[in-house]
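Please open the structure in your viewer and keep the selection panel at hand.

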Amino acid sequence: MRRLLALALTFALLAGPAGAVNPDEQLSDPVLEARAHKLSQELRCVVCQNQSIDDSDATLARDLRIILRERISAGDTDKQAIDFIVARYGSFVQLDPPMRLDTLALWFGPLAVLLVGGIGAVIYMRGRSPAQAAALTAEEEAELASMLKSDEAR
Amino acid sequence: MKRILFLFPVVGFVVLLGVFFLGLDRDPRALPSAFIGKPLPAFTTAPVRPGDLGLSNSDFDRGEPVLLNVFASWCGPCRVEHPVLMRLRQQGVPIHGLDWKEAAPAGLKWLTDNGDPYIRVGNDESGRTGIEFGVAGVPETFVIDKHGKVRYRHVGALTPDDWEQKIGPLMEQLRKES
């Protein structure tokens, strides 16, 4: 029983996310295939826009996976292969957007919002710090002293 | 001064609301082409009509703005826009066609059955020609200017409204350009 469980667990752990890549698309060279697989996870499918071409079942995603593998087999670097697709479908397909002038808001927008909110929160909290109690007047001091004394006397 | 500071979050919220409200009207599928302002890449395709010339990129810089319509007989919205294309052709609007991801006989049957609005029409069985200029699906219609440069990309069926509001006026403007 234990053995069976261990076996089942082993298989369960071995099963990675499958993706939509069909066996006939894969390259025979495992190193190139691994590169192509990684790159296809970074490219957005333009048909079903929230999936990568690695995940998508759209025929266009399949075409692009094959094109990516053709480029890599032909000796393209990762960047060249990505650029090949970006040249045709625009920077929108990059799920990992490059840092550029027009993507600055994308990269630093959240940080800017956090800063503005943080500064606002600091200003607000400082304004709310409890007022210092006014010092006792001479009269009150005297009264207090007499009370303490009477207490001590008891 | 302090009172004005309190207005900041409110103003920010109203601005965000405005941005999101305008966003409601935008179609996330209508992406601008990566080829806006650039000529179409070099391509040649086989004909759809037997004995005809196919379509190539050199058909596009003939001194007149043209439409390039990417279609397929298996595509539903293409059936919707087809009468619009037929009417435009009758009005003398030049349209070239690219038959995407199907064998030429299927495209030919489509044109025989429904009418043929195209001057030149090429067959792209593998889909690779369309991919060369960023076609994501059918139908798509590109507006190409006098010099063969892509000026506009329309995704989805071309409705009479699209023509009157956007593409017709654009073609008129491109005709006047030097």
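Helices (H or I, at least four residues) and strands (E, at least two) are DSSP runs, numbered from the N terminus. This is a predicted model, in which local features need pLDDT of at least 70 and side-chain atom pairs count only at pLDDT 80 or more, while totals for chains, interfaces and linings use all residues; side-chain values use heavy atoms, with hydrogens and water left out. Residues are numbered from 1 along each chain as its sequence is written, and chains are lettered from A and ligands numbered from 1 in the order in which they are written.

Begin with B:P139, which lies in the loop between helix 4 (128-132) and strand 5 of chain B. Select B:V138 as well: the peptide bond from B:V138 to B:P139 is cis, with omega near -5 degrees. Next, select B:K101, in the loop between strand 3 (95-100) and helix 3 (104-114) of chain B. The phi of B:K101 is near 60 degrees, a positive value in a residue other than glycine. Most residues other than glycine have a negative phi, and most peptide bonds are trans.

Now display chain B as a whole. Its sequence follows the pattern α-β-β-α-β-α-β-α-β-β-α, with five helices and six strands. The C-alpha trace of chain B spans about 80 × 40 × 30 Å along its principal axes.

Colour the strands of chain B. The six strands form an open sheet of mixed pairing, in the order 1-4-3-2-5-6 (two strands pair if DSSP finds at least two bridges between them). Strand 1 (46-47) and strand 6 (150-155) of chain B stand at the edges, each with a single partner strand, so one side of each has no neighbour in the sheet. Strand 5 (residues 140-144) and strand 6 of chain B run antiparallel and are joined by five bridges. To find one of the bridges, select B:I144, whose partner in strand 6 of chain B is B:V150.

Finally, move to chain A and select helix 2 (residues 30-41) and helix 3 (residues 59-73). Their axes come within 10 Å and cross at roughly 135 degrees (axes are lines fitted to C-alpha atoms, for helices over the stretch in contact, and angles run from 0 to 180 degrees between N-to-C directions). Residues making the contact include A:L32 and A:R35 of helix 2 of chain A, and A:L68 and A:I72 of helix 3 of chain A (contact means heavy atoms within 4.5 Å).
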